[in-house]
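Dear colleague,

Please find below the structure that I am handing over to you.

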Amino acid sequence: MPSMEGRFVRHSRRVAYENPWITVWHDDVSRPDGTPGIYGVVHFANLAAGVVAIDPQDRVALVGQHRYTFDAPSWEIPEGGVPTGETPLEGIARELREETGLEAAAWRELCRIDLSNSVTDERAILFVATDLRHGVAAPEPTESIEVRWVPFDEAVAMTLDGRITDAMSVVAIQRLALERAIGAAATTGP
């Protein structure tokens, strides 16, 4: 575990910007070397969650949508925010249903990650969902989503060649691929 010596010390905090989803704090700090400074922190109101939904043919449900921040389309696993009062599993099940119309009977937590810990406090929980039932999607008015099913190996390739760049999607798909590789190696032996 890293030493906590030489850490930043916050002296004051003020809100620089706020909306229902994020708060940007302006902190007056002492830096690790003792000199005065400032630190900007983006605080997220919701926990982030994502899911690798896999059908019996080993295909992954990807959602394509335009991302305003980059003014570009993005292929991603279904993901979204989980507000206070909703469990991570309830939140991602809701997001999966809204974005794709899918409901899953089997869920497994894959991992937890910090998304950009140098400037944000955003954390995410990633899941795997199987035993899927198809229904009708009901995206939020801010979403225009295309659902695409791709073979799992193709989804992995997409994370490697840059067709998928969303951090939660890359981590979730590659983490699952790593689990599968380790499992295969364990059953075949040295």
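The model is predicted, so local features are given only at pLDDT of at least 70 and side-chain atom pairs only at pLDDT 80 or more, while totals for chains, interfaces and linings use all residues. Residues are numbered from 1 along each chain as its sequence is written, and side-chain values use heavy atoms, with hydrogens and water left out.

The chain has three helices and 10 strands, where helices (H or I, at least four residues) and strands (E, at least two) are DSSP runs numbered from the N terminus. In sequence order these elements give the pattern β-β-β-β-β-β-β-α-β-β-β-α-α. The C-alpha trace spans about 60 × 50 × 30 Å along its principal axes.

Of the 190 residues, 36% are buried; buried means under 20% relative accessible area, exposed over 50%, and partly exposed in between, with a 1.4 Å probe and protein chains only. The accessible surface is about 11,300 Å², and 56% of this area belongs to carbon and sulfur atoms; the areas come from the Shrake-Rupley method with a 1.4 Å probe. Among contacts (heavy atoms within 4.5 Å) with a separation of 6 or more, 55% join residues 24 or more positions apart.

Strand S2 (residues 22–30) is joined to S3 by nine bridges, and the two run antiparallel. Within strand S2 (residues 22–30), Ile22 stands opposite Phe44 in S3.

Asp58, although not a glycine, has a positive phi of about 65°. Asp58 sits in the loop between strand S4 (47–53) and strand S5 (59–67) and is partly exposed, at 29% relative accessibility. Asp131 also has a positive phi, near 55°, in a residue other than glycine. Asp131 belongs to strand S9 (residues 123–134) and is exposed, with a relative accessible area of 52%.

With kind regards

Definitions and conventions. Pairing = 2+ DSSP bridges.
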